[in-house]
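Biologist: Please take a close look at a single part of this model, and then say how that part sits within the whole chain. Give the cut-offs as you go.

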Amino acid sequence: DETVYLKDYAPVPVTVTHVDLHVRLDPRATEVSARLTCKRQGPGEMVLNGEQLEMVALRLDGKDLPADRYTLTDKTLTLHDAPDAFLLETVARISPETNKALEGLYMSNGMYCTQCEAEGFRRITWMLDRPDVMATYDVEIEADLPVLLSNGDEVAPGKWHDPWPKPTYLFALVAGNLVAASDRFTTMEGREVALNVWVRPGDEGRTGYALDALKRSMAWDEQVYGRAYDLSVFNIVAVDDFNMGAMENKGLNVFNSKYVLASPETATDTDYALIEGIVAHEYFHNWTGNRITCRDWFQLCLKEGLTVFRDQQFSADMRSAAVQRIGDVLQLRARQFREDAGPLAHPVRPESFVEINNFYTATVYEKGAEVIGMLRRLVGPDGYQAGCDLYFERHDGQACTIEDWLKCFEDATGRDLSQFALWYSQAGTPRVTVEESWEDGVWRATLRQVVPDTPGQTDKIPMTIPVAWGLLDADGAELRPTEVFELSEAEGVIEVETASRPVLSVLRGFSAPVILEHDQSDADRLVLLAHDTDPFNRWEAGRALAKARLVAMVAEGTAPDAPWLEAIAKLARDETADPAFRALALALPSEDDLAQTLHVGGIVPDPDAIHAAREAAGLAIAQALASDLGELRRAMRVTGPYDANAEDAGKRALDAVLLRLATRLDGGDAARAAYGAADNMTDRMAAFTCLLEAGDPSVAKAFEEDWKHDRLVMDKWFAAQVMHSAPDRAVGIATGLTRRDDFDAANPNRFRSVIGALTAGNPAGFHQKDGSGYRFLADWLLKMDAMNPQMAARMSTAFDTWRRYDADRQDLIRAQLDRIAGESISRDLAEMVGRMRG
Ligand code: B3K
Ligand code: ZN
């Protein structure tokens, strides 16, 4: 059994305090010479990690190590009778060119780069590859390439010194023919920092936004958290082949080029917002992750949950806080609630794993961030700041646990957080039901919480749930401003004396990651939609109304009713509301969201029926707004050259929603005009996807002619065709796309743009009842697994909702899971498939 358990944690008997690396780069025969300064801190053998390495030399204190003093396997190097202090020298040979797992040292378009988190360093050299071993580094890179980068400060060409002790996972090395866009930043401590964004020649013109976002992030972390940068240089490198978004290596962040490169012609508003958020996220890790790191991988949320929370705060400050919050909650529900409801549910701090890469999940990241947000609500902004200050002061330079983090808040505020800590150990989305009564001038709300069973966990204990609430009167005037009720037992009651029946606005700002069951009348919801002072709950009221309609349309075959359509139309026309907010309020709940809602309500979801209901609701809204669409769109026209700011982006977002409605009525006339007139990728993509939905066959060809030279834009082209095709054609289109010469499955962005676009972007297409979508995915998972197990394992989560569906679909999915499990597959994919089969 390869399972690793949190309870088995033990510190290493012999640690490494300094790493001296000399790397001679070669595509198939890179030589890595390592000199490790080792020090005993307890009894036991030293076991170093090393995988896919060819041993060229092994010396201890300058002498070749005799065969009886060590044991070498394909995963470890064990030293017998190691002295108290010594220098261990190894020489390893590796082959970056053939490394398609994109973990360790690999090549992308002729450039060398590394990805070490979580356990990639062991594919570079033998080392204690775990986060509680923190060492300083000297790195020398030898290669006939103009740019040679590693962590820390450059002391001579190709020679780097990192003075800050760090774990292996933060090591990075990059070498290639790169050019930089540069700038400077002076920290509040007066340190001059050179900022560089390194890209392939030709991409320099698309780096401005990332550089700007970096400077804003640096200033924000100083202002809001009092944290300054700590080296003379901060490098960002854009890489085309990258398994995820980006990586926070000390002083040398490596990014998927999709999250660095942007120009108005090639990137959409969404891309710009993602670049801003991810640049900030990786930069913020310098303090939450790097200066203070994790003791072991079970503590991953210590750095990830906190850093996501920080990047969400940053984006809220840079843009509209309300729009940011709605977007974050949409993500949380789409990804984390889904995960928490199925066979892959796990606590924010898992207690065991087989492959740690399988736990970089929405639960660890997004629910982890929600837990920080709840903590802040419970201790208040001042208590939060005091706790953070204490954390940075007490634990700088250490590898920590969640207990260390919470203790800082207990010590800083005097509050007992032992019950709150259950959020880290109990999996599953709590359900909170609200029951209201109003009698004899007393309004009462009874709140009850249940934490559901999840794989391996039953009989859960009530948690501390901060429930923000307020009251309105029937005309929408405020009766009680926002307060926080702490629901810490199975049941709690809020009581208010009031002469008139109030309208409750509960879970304002989505104050806790729970599923709220509140049987509120349409009339009350319409009051909230029109008047709530809490913008999140205004949106949420509209959401609840829409969801109820769509569920009834699917389950009972009803048609959308006039009062709802009127309310929607009114909101669309409400000039006092932010366009970005209106765009979000007009968007209907996703097909996956509806499938889950039906499933929870005891109805087996039919993906085709859900798709059809959403289409019908869209058409009804379009008809309700028909005569106004042209004028509303004109009001959203942005004048002047493209700017990615939130205000302009909001107008474009609402315009896109309106254009999609118009397309339902005119068959694509407005979209054709918009496509021709577009001077930026946001508008162009909006029109393009409308035309795909309208079934215009010429548009894909035209788009391709214009953009075939641009890899990132073509990723959008691939994805759009799969996502915006009719469900019964989606698998055929996806299959056709994978047969093109420019479909390179080894490139994660391209792979996701077809396979991910089907599984996540066209649910009715993926769930076709002939099982073709399931077969298509399984075929690709097996192909991908042989190359890049991490990517295969991640993509396999598309199957995690299989128990929702009818017996036929369940059988079809089950057959594919069994088929995959029967092949010789990676540990990564085997763990995921095993958990999903249950
Ligand atoms: N820490 C990295 C993620 C590493 C994933 C390894 N499988 C990016 C981030 O969260 O900032
Ligand atoms: Zn992170």
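**A hairpin and its setting**

Modeller: The bridge partner of serine 108 is methionine 111, which lies in strand 11. Strands here are DSSP runs of E with at least two residues, helices are runs of H or I with at least four, and both are numbered from the N terminus. Two strands count as paired if DSSP finds at least two bridges between them. This is a predicted model, in which local features need pLDDT of at least 70 and side-chain atom pairs count only at pLDDT 80 or more, while totals for chains, interfaces and linings use all residues. Residues are numbered from 1 along each chain as its sequence is written, and chains are lettered from A and ligands numbered from 1 in the order in which they are written.

The pairing of strand 10 with strand 11 (residues 111-115) is antiparallel and runs over five bridges. The two strands form a hairpin with two residues between them. In the turn, asparagine 109 has a positive phi of about 50 degrees. Five of the five residues of strand 10 (residues 104-108) are buried, so this strand is largely enclosed by the rest of the structure. Buried means that 20 or more other C-beta atoms, placed from the backbone, lie within 10 Å of the residue's own; with 12 or fewer a residue is exposed, and in between it is partly exposed.

For residues 96-156, UniProt lists "domain: Aminopeptidase N-like N-terminal" in an unreviewed entry. UniProt positions follow the numbering used here, feature names are shortened, and annotations may be inferred rather than shown by experiment. Residues 96-156 are 43% strand and 0% helix, with end C-alpha atoms 25 Å apart. By contrast, the span 209-420, where the record places "domain: Peptidase M1 membrane alanine aminopeptidase", is 56% helix and 9% strand.

The domain assignment, which is automatic or from a database, includes domain 1 (1-177) and domain 4 (539-696). Their centres, taken over C-alpha atoms, are 52 Å apart.

The chain as a whole has 26 helices and 31 strands. Its radius of gyration, taken over C-alpha atoms, is 27 Å, close to the 28 Å of the globule rule for 838 residues, so the chain is as compact as a globular protein of that length. That rule is 2.2 Å times the number of residues to the power 0.38. Buried residues make up 51% of the 838.
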